[in-house]
Amino acid sequence: MKKKLPKIENTLMGEFYKEYLDLQIIEEENAFISYGIIEDKCHIEDLYIRKGYRKLGLGSSLADKVTVIAKECGCTKLTTYSEKSSPGCKVATKAFLAYGFDIVDESEEHIYFEKKI
Ligand SMILES: CC(C)(COP(=O)(O)OP(=O)(O)OC[C@H]1O[C@@H](n2cnc3c(N)ncnc32)[C@H](O)[C@@H]1OP(=O)(O)O)[C@@H](O)C(=O)NCCC(=O)NCCS
């Protein structure tokens, strides 16, 4: 049994997400997603599934939930990125592509993705 962690919104990190980054969070016991909406774009900033709970569809399910909200807000696309220096970049890229994102740009540090919704 994994230790139950406090809700992100009740942490200093949660305050940072909300106040400084202006991001919304959907949080479940073993996963969270943060996102922000600007005009017709819904940007996914972070998506994290706890080790041991990956490849079970939790990431897709959270992205689906954000998609519903984004559509309600009039968005026509989801955007996100992966950091090339991150140890999870390869897996994240595979997961984003499997979820239907396309690679739309690349810099030295990042790979940028978009998905029409
Ligand atoms: C990337 C991450 C969010 C994926 O979440 P997940 O819950 O494991 O993904 P899902 O189970 O919903 O899978 C979504 C799709 O990606 C594919 N996928 C997920 N992990 C994969 C892997 N390791 N290798 C290949 N494909 C993978 C799945 O097969 C699935 O495709 P399908 O629908 O065609 O079967 C998760 O691995 C994670 O939290 N990684 C660490 C943090 C991170 O890198 N976050 C992303 C950058 S912010």
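**View 1. Strands β2 and β3 pair in the antiparallel sense.** Eight bridges join β2 to β3 in this predicted model. At one point of the pairing, Ile38 stands opposite Lys41 in β3. The hairpin of β2 and β3 has two residues between the strands. Glu39 in this hairpin has a positive phi, near 55°.

**View 2. Strand β1 pairs with β2.** Gln24 stands opposite Tyr35 in β2. A hairpin of two residues joins β1 to β2. β2 is mostly covered, with six of its eight residues buried.

**View 3. Helix α2 spans residues 58–72.** The helix has 15 residues. From its first C-alpha to its last it reaches 22 Å, close to the 21 Å expected at 1.5 Å a residue. After the helix comes Gly74, which has a positive phi near 90°.

**View 4. The buried residues of α2 are Gly59, Leu62, Ala63, Val66, Thr67 and Ala70.** Seen down the axis of α2, these buried residues fall within an arc of 150°, so they line one face of the helix. Which strands do the buried residues of α2 pack against? They pack against β1 (24–28), β2 (31–38), β3 (41–49) and β4 (77–83). Among these strands is β2, which is itself mostly covered.

Terms used
Residues are numbered from 1 along each chain as its sequence is written. This is a predicted model: local features need pLDDT of at least 70, side-chain atom pairs count only at pLDDT 80 or more; totals for chains, interfaces and linings use all residues. Side-chain values use heavy atoms; hydrogens and water are left out. Helices (H or I, at least four residues) and strands (E, at least two) are DSSP runs, numbered from the N terminus. The expected span of a helix is 1.5 Å times one less than its number of residues. Buried means under 20% relative accessible area, exposed over 50%, partly exposed in between (1.4 Å probe, protein chains only). The arc is that of the directions from the helix axis to the C-beta atoms. Contact means heavy atoms within 4.5 Å. Two strands pair if DSSP finds at least two bridges between them.
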